[in-house]
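Me: I should like to learn how to read the features of a model of this kind. May we go through them one at a time?

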Amino acid sequence: MFHKIFITAGVAGLGSFIACASGTTVRSEAGDIGSVSPVTADFIPAGTTMLGRFDQSISTSNHDGDRFSVAVATPK
Amino acid sequence: MAIPAGAALTGVVTGVHSAKVPGDRNVIRLNVNALHMNDRAYPFSGNISGVRVENASGASNKTIRNTVIGGAVGTALGAIATGGEAAGLITGGLLGAGAGAIISLGNGSNEPATIPAGSSVTIQATQGIPIR
């Protein structure tokens, strides 16, 4: 009986580990983008989506080489 | 959280075409190349995947992300031209070769050819960024 409980708990734990290790699937309105690792304190993974707002107007009166900036509101 | 409040992305205009005649397209290409946070700048590789163009009156706002509907990308404010559509703009001579997302700003003088300050934008990193 004890062995059955132990094995069941072990299988459940392994399943949780695999689920975590598989990362996070990023989805957008255009469909699935892919599986990425979560943002951590020291790494922003490929696939991270950020929402922001333009700090200045940009128009067809701009020229090649003009710089612009976007204030990041939040990673999505 | 690795991306704190106050973080900013910066980039450069890499192409502009202003409509010369009615029906011609207004397009602009923007390349985001740096992430600024914690008083440091990090090289950034990514794509603009959506722009919500909000004009002064709040009218005619449209958000289209990586979608070309019936080849009519030129008439959709904020639409991102990709694939064959983007290639067509380059081979058609509207833009030279270059990096960045091509954003439609409407046709001719019927639509505003401006992304006003405060317009929202969605940007996706294509390469991981180690934070030192």
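Me: In chain B, what share of the contacts between residues at least 6 apart in sequence join residues at least 24 apart?
Reply: Two residues are in contact if their C-beta atoms, placed from the backbone, lie within 7 Å. Among contacts in chain B between residues at least 6 apart in sequence, 62% link residues at least 24 apart. For chain A the corresponding share is 15%. This is a predicted model, in which local features need pLDDT of at least 70, side-chain atom pairs count only at pLDDT 80 or more, and totals for chains, interfaces and linings use all residues. Residues are numbered from 1 along each chain as its sequence is written, while chains are lettered from A and ligands numbered from 1 in the order in which they are written.

Me: Which secondary-structure elements does each chain contain?
Reply: Helices (H or I, at least four residues) and strands (E, at least two) are DSSP runs, numbered from the N terminus. Chain B has one helix and nine strands, in the order β-β-β-β-β-α-β-β-β-β along the sequence. Chain A has one helix and six strands, and its pattern reads α-β-β-β-β-β-β.

Me: How is strand pairing to be read, and which residue is the bridge partner of B:M37 in β3(B)?
Reply: Two strands pair if DSSP finds at least two bridges between them. β2(B) and strand β3 (residues 40–43) of chain B are antiparallel and share four bridges. The partner of B:M37 in β3(B) is B:R40. Two residues separate the strands of this hairpin, and B:N38 takes a positive phi near 55° there.

Me: Why does B:V21 count as exposed?
Reply: B:V21 counts as exposed because it has 8 C-beta neighbours inside 10 Å. This residue is in the loop between β1 and β2 of chain B. From B:V21 to B:A41 the separation is 20 residues in sequence and 41 Å in space, C-alpha to C-alpha.

Me: Is B:R29 buried or exposed?
Reply: B:R29 is buried, because 25 other C-beta atoms lie within 10 Å. It belongs to strand β2 of chain B. Leaving aside residues up to four places away in sequence, B:R29 touches B:T14, B:G15, B:L95, B:G98, B:G100, B:A101 and B:I102. B:R29 and B:H17 are 12 residues apart in sequence and 8.9 Å apart in space, C-alpha to C-alpha.

Me: Which residues have the most contacts inside the largest nonpolar core?
Reply: A nonpolar core is a set of buried Ala, Val, Leu, Ile, Met, Phe, Trp, Tyr and Cys residues joined through C-beta atoms within 7 Å. The largest one has 36 residues, and those with the most contacts inside it are B:V27, B:I28, B:L30, B:I48, B:I102 and B:I103. Elements giving two or more residues to this core include β4 (49–54) and β6 (67–75) of chain A, and β1 and β2 of chain B. β2(B) provides the largest share, five residues. Not counting residues up to four places away in sequence, B:L30 touches A:F68, B:G11, B:V13, B:I48, B:G100, B:A101 and B:I103.

Me: How many residues does each chain bring to the contact between A and B?
Reply: Chain B brings 42 residues and chain A brings 37 residues. On the side of chain B that touches chain A, β1(B) gives the most, with 10 residues. That side divides into 22 nonpolar, 19 polar and one charged; here Ala, Val, Leu, Ile, Met, Phe, Trp, Tyr, Cys and Pro count as nonpolar, Asp, Glu, Lys and Arg as charged, and the others, Gly among them, as polar. Strand β5 (residues 58–59) of chain A runs antiparallel to β7(B), joined by two bridges; in β7(B), B:T114 is the bridge partner of A:S59.

Me: Where in chain B is the pLDDT below 50?
Reply: pLDDT is the predictor's confidence in each residue, from 0 to 100. Chain B averages 77, and 77% of the residues score at least 70. Over residues 56–75 of chain B the pLDDT is below 50, and this stretch has 39 contacts in the model beyond near neighbours in sequence. Where pLDDT is low, the predicted coordinates should not be read in detail. The model scores ipTM 0.79 and pTM 0.70.

Methods: Buried ≥ 20, exposed ≤ 12 C-beta atoms within 10 Å, placed from the backbone.
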